[in-house]
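Student: I am new to this structure and would like to know how its terms are applied. Please set each value against its definition.

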Amino acid sequence: MSDAHASQSRTALRICPLCEATCGLTLTIEGTRVTGARGDQDDVFSKGFICPKGASFGELDADPDRLRTPLVRKDGKLQEASWGEAFDAIAQGLRPIIEAHGPDALGAFLGNPNVHTMAGGLYPPVLLTTLKIRKLFTASTLDQMPKHVSSGLLFGDPFAIPVPDLDHTDHLLLIGANPLDSNGSLCTAADFPGKLKDLKRRGGTLTVVDPRRTRTARLANRHLAIRPGSDGLLLAALAYTLFDEGLVELGDLQAYVDGVDQVRAQLGEFSPEAVAEACDLPADEIRVVARELAGAQTAAVYGRIGTSTVEFGTLTSWLVDVLNVLTGNLDRPGGALFPLSATDKVPRPAAPGRGFALGRWKSRVSGYGEVKGELPAAAFAEEIDTPGEDRIRAVITVAGNPVLSAPDGKRLDEALESLEFMVSVDPYLNETSRHADVVLPPPPPAQSGHFDFAFNALAVRNQVRYTRAAVPLEEGLLQESEILARLILAASGMHGMPAEAVDQMVIERSLGKAVEDVHGKVHGRDAKELAAQLTGDSTVEQRLDMMLRLGPYGDGFGAHPEGLTLTKLLAHPHGIDLGPLQPRIPRLLKTRSGKVELLPEPIAAQLPRLAAAKDRPQDSLVLIGRRHLRSNNSWMHNVRTLNGGSNRCTLQIHPEDAQRLGLTDGADARVKGDGGEIEVPVEITDGVRRGVVSLPHGWGHDRPGTRMEIARENPGANYNQLLDGTRLDVLSGTAVQNGVPVHVTLASTTL
């Protein structure tokens, strides 16, 4: 490297946005190009940990397939356009539809990457409320909604999700989770693998329940290769055993829990002996697991996507926390605790709340109940293509690719094509955004600041970090915050106003509410005077400053001079440690009783269905998904260094099943499900149990009209094309994607 070239090199800090671990990165930058990424050794949370995704930050940032200019459909084709032309087209295309047919003619889909950007956390809620969108679909009903529902019913708040105290627990039961590949989900923990190894080093026990012998399962003291979809039965049997053997001990939680005796009565049919055949696990082993869980000094049960995307996802998610309650480990150090993020609301005095309601409105076609303001993603297509006055005529997608990620993508593909107008905010022309009339591309991540709103609220240690853009904004691009703000203005009839008007409106409303809040830090003060104190280089940073100051660690605009502000956070570029998780019950509870309501009525109503499932005939072959360390859904398949190794779209099958079906390693298999059939290469492995086949999620990059060349080189097969969207978790509307029956044969030359 020449001296002149070397003199242009510098480093910059950036929080990684590529999975839920939120690791701190140190980027090497030459000119305006990111040439390297390593873990930030001084980061208060990740302490230098990095995974292959973080190491590929520079390659993803510089992906030549990323769009650098808006696209507008003219004469039936997407063509490059100016930003002004793009927002003019939105105003001219969306407003007439909304004015003629009302807000129910507009649908929105928010994808997984929204929670990985700062703008994605700030602006979509404003978009939804401003446009009064009730036909909202998100990745949550493809992934995590059962946990939101169970938390809403138990604690009165769907965002009150307890996480395992990984640094201090003595016993961890993982079910349906593979954090050595996922880095954790609904549990933000940089270096999750290291924390599990530390647990074992200090003499703790790790039990993993998973149909596959994953990397996480290989680390465990005990691995239970359960039959897919029977997780709820197993957890119910563990709870039964705690009651049956007198092992229930609520500890300090005793005064704050209602319904323990009712749960005991409802679980009377779920003895280990009664569920053993359905789970394909020995009853004696189930009892041993329950005894070890109860006998540990501290313990936590943690379930993830494998417990959510099944028929009884909400019941299973509920039972995870029932076990934490019955063993006295909920809201207890070393157990499962509730994080308190820097932008959370200040905890209120303990008092009864409004509770959590399901089904406040229903979908037009199938009558699915709303959950947390959302409708099932599996209903997206039918709400577009089913005739009727209230059908969806226009769609806004933000960082989502439901054609690949939602069930029956073929139908959704066709439905999107029939829309009167569509807008996509997306850096790629992918299988979904190719249908849009306007595509608005955000800049590469190095050119944007980063703050984690969602993941800090799920972190295993309270902390706060913010990194500004590592590289100046490229000429001709707009920040994602400005794109979303101008989209809001164009779609809501305020086209032409400055983008900052959206932030100023939010600040004015938020401070107006804050000064009226008798429990808040700024009650009775002047909102305009507070607004004048906000700092930051943009109105986006001013919003962050406001949220930090009003938050639980904030300075309250001078009321607590040692408290948190944006200025203080900027002075700590590696973040600020806010300490270990602490007990928060009863103050966080928002149930009508003011207590943990252990047996909510909607849960009780579904338990007979779970009981009946233990006597069902078993399907001969069922499908489950899997996660790769080098992938995060469909949006990371265009990074060459992440395509390879284990990150391949193959159908894993046990040797005995392969022999029975006449399949050989590397040959193509035909897989048929409720929604269709696909062909995919076979990978024979004893890492998956008998009677189960496993396929990764997010592949199928073979549709025309996209611009993701690396993904198209190895398109893979689309998991969700096997699903027709009719199998849903009743309470949450989440698509059943694990434990679904399939038929597998050797592929012929033609389908």
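Student: Are F109 and F380 buried or exposed?

Tutor: Both F109 and F380 are buried. Buried means under 20% relative accessible area, exposed over 50%, and partly exposed in between, with a 1.4 Å probe and protein chains only. The model is predicted: local features need pLDDT of at least 70 and side-chain atom pairs 80 or more, while totals for chains, interfaces and linings use all residues. Residues are numbered from 1 along each chain as its sequence is written, and side-chain values use heavy atoms, leaving out hydrogens and water.

Student: How many aromatic pairs does the rule give?

Tutor: Rings of Phe, Tyr and Trp (its six-membered ring) pair if their centres lie within 6.5 Å; planes under 30 degrees apart are stacked, over 60 edge-to-face, and the rest tilted. The count comes to six aromatic pairs.

Student: Why is the pair of F451 and F453 called tilted?

Tutor: The ring centres are 4.9 Å apart and the planes stand at 50 degrees, so the pair is tilted.

Student: How do you know that F451 and F453 are buried?

Tutor: F451 has a relative accessible area of 1%, so F451 is buried. For F453 the value is 14%, so F453 is buried too.

Student: Why are helices α6 and α21 called roughly parallel?

Tutor: Helix α6 (residues 124–131) and helix α21 (residues 480–491) pack at about 5 degrees, with axes 10 Å apart. That makes α6 roughly parallel to α21, because angles under 35 degrees count as roughly parallel, over 145 as roughly antiparallel, 65 to 115 as roughly perpendicular and the rest as oblique. Axes are lines fitted to C-alpha atoms over the stretch in contact, and angles run from 0 to 180 degrees between N-to-C directions.

Student: Which residues of α6 meet α21?

Tutor: P124, V126, L127, T130 and L131 meet L484, L487, I488 and A491 in α21; contact means heavy atoms within 4.5 Å.

Definitions and conventions:
Helix = DSSP H or I, 4+ residues; strand = E, 2+ residues; numbered from the N terminus.
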